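Hi everyone, thanks for coming.

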Amino acid sequence: MSNRHLLVGTRKGLLHFTLRDGSWQYDHLSFEGIQVPYACFDARNNTLWASVDHGHWGQKLHRSRDQGKTWQELETPKYPETAKRKDEPAALDLIWVIEPGGVDEPNRLYLGTNPGGLFVSDDGGDSFVFNEPLWQHPSREEFWFGAGKDTPGICSIVVNPQNPKHLTLAVSVGGIYTSLDGGLSWEGRNQGIQSEFLPNPAAEYGHDPHFITQCPALPEVLWQQNHCGIYRSTDAGLQWHEVSEKDGVARFGWPICACETNPEVAWVVPARSDMSRVAVDQSLCVARTEDGGKSWQSFRKGLPQSLCFDIVYRHAFDNTYEHLAFGSTTGNLFTSADGGESWASLGHYFPPVYAVRFYQS
Amino acid sequence: MAFVEFTRNLKRFFPDLEPTEVSADTVAALVAALDQRLPKLASYLVDDQGRLRQHVNIFVDEVMVRDRVGLSDPLTPQSKVFIVQALSGG
């Protein structure tokens with residue numbers, strides 16, 4: 001029988017939880033005291049991956065083949081000397097997201113990094129190749145820039161489960177890009193996005209996708225929590241449609257989760273606009289749509305409804321069937337076992353949470 | 001042979017790290033030689049372009065290195081090198 005696990009990457013290490021008898025129980029901590037901006041499980045080979053940011057000592061990549069009991073530090077990917085930003089050599093700031101390749105390419109792994117690099121491994125993470133075609137995209141110099149961070153970064157990488165050469169990624173700030181040939185060439189996919197911070201809100205590039213995800217059962221359905229609203233596409237990003245609430249809370253935020261089986265269902269954790277970046281009305285809710293974004297329902301049971309300032313970073317919300325979980329910047333961790341309708345706390349005193357990811361073993 | 005000492009904070013990641021002597025005529029050569037002895041140690045001290053990390057300092061005879069980009073500061077056989085981290089944050 002398989003077990004469900006939860007990885008929680010925080011400012012002070014990576015926490016491991018396991019679902020036992022219907023409740024999430026703490027197992028252990030990896031990388032005590034060290035930032036873990038991202039962690040995930042690779043089901044193709046039962047491997048855990050962790051982005052480990054030492055601050056003083058730099059950004060590292062670790063791999064575990066025993067569910068996080070022991071870790072192996074791998075060679076850190078290197079930007080080529082020819083990669084420049086504003087005439088300065090580009091150097092690795094952050095491994096922001098780690099994404100396993102397709103089921104039929106078991107040794108392929110993608111890293112999305114700051115300042116805007118995509119690294120690809122075809123040997124299970126032992127070595128990485130810098131993706132030049134994306135770096136050389138003519139839009140990069142003019143339209144990629146930092147926002148919350150000093151540099152642009154690749155924050156989401158989506159691999160189409162029906163065709164792993166079909167990649168879609170998000171650059172924050174830069175926009176959505178798609179490759180149909182495994183990364184050999186890239187095209188923008190930002191039609192329909194309106195970015196009020198741009199001189200031309202409908203520009204081809206320069207948008208700020210906070211996170212994108214797909215419905216695995218129908219991967220042409222993509223969801224995007226953008227800086228300027230929530231968007232959905234039913235044609236793999238060729239055209240985006242805004243599905244934000246006109247008068248409700250579901251509009252601004254960072255993460256978004258898509259249902260594995262139903263392309264009409266998604267969840268967001270709304271926040272107050274980019275002017276203040278706090279919880280809406282000092283309270284937390286999770287909003288769910290069941291009709292492709294035409295309407296949203298907010299759920300608050302079990303979530304703080306007063307004196308709450310929590311916001312949820314883009315990788316700190318995840319779902320696996322009826323289970324959902326998110327962690328906040330102020331160290332609260334919540335789980336739901338009923339599709340987001342009610343929530344229970346796993347604790348209130350965690351470090352700031354950067355990443356929450358489920359897996360099964 | 002230059003003599004090099006380290007902040008004890010690096011011992012967490014390199015348990016075998018001890019003060020040692022290294023034959024090198026620049027700081028860059030010293031870092032490369034240390035990485036031969038303790039693989040990946042250089043990546044903790046310099047970024048992927050070989051520049052000294054922002055919050056890492058290397059002192060040669062109690063003077064902070066001047067060339068943080070190329071680490072070309074010269075060493076003599078009598079040099080005493082100290083590798084430390086800046087203190088910061090919580």
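**Strands first, then the cores**

Okay, let's start with one pair: Leu7(A) sits opposite His16(A), which is in E2(A). Before I go on, keep in mind that this is a predicted model.

So where does that pair belong? Strand E1 of chain A covers residues 4–10, strand E2 of chain A covers residues 13–20, and the two pair in the antiparallel sense over six bridges. Between E1(A) and E2(A) there's a hairpin of two residues.

Now carry on along the chain. E2(A) also runs antiparallel to strand E3 of chain A, residues 23–30, and seven bridges join them. Here Thr18(A) is the one standing opposite Gln25(A) in E3(A). The hairpin of E2(A) and E3(A) has two residues between the strands as well, and Asp21(A) in that hairpin takes a positive phi near 50°.

Next, the inside. How many residues does the largest nonpolar core have? It has 98, and among those with the most contacts inside it are Val36(A), Leu169(A) and Val356(A). Strand E30 of chain A, residues 353–360, gives the most to this core, with six residues. There's also a second, separate core of 23 residues, including Val27(B) and Leu45(B).

Let's zoom in on Val356(A). Leaving aside neighbours within four places in sequence, its contacts include Leu6(A), Val8(A), Ala316(A) and Phe326(A).

Last, where the chains meet. Chain B puts 12 residues into the contact and chain A puts in 11. On the chain B side, that's three nonpolar, four polar and five charged residues.

Note on methods:
Residues are numbered from 1 along each chain as its sequence is written. Chains are lettered from A and ligands numbered from 1 in the order in which they are written. This is a predicted model: local features need pLDDT of at least 70, side-chain atom pairs count only at pLDDT 80 or more; totals for chains, interfaces and linings use all residues. Two residues are in contact if their C-beta atoms, placed from the backbone, lie within 7 Å. Ala, Val, Leu, Ile, Met, Phe, Trp, Tyr, Cys and Pro count as nonpolar, Asp, Glu, Lys and Arg as charged, and the others, Gly among them, as polar. A nonpolar core is a set of buried Ala, Val, Leu, Ile, Met, Phe, Trp, Tyr and Cys residues joined through C-beta atoms within 7 Å. A residue is buried if 20 or more other C-beta atoms lie within 10 Å of its own, exposed if 12 or fewer, and partly exposed in between; C-beta atoms are placed from the backbone. Helices (H or I, at least four residues) and strands (E, at least two) are DSSP runs, numbered from the N terminus. Two strands pair if DSSP finds at least two bridges between them.
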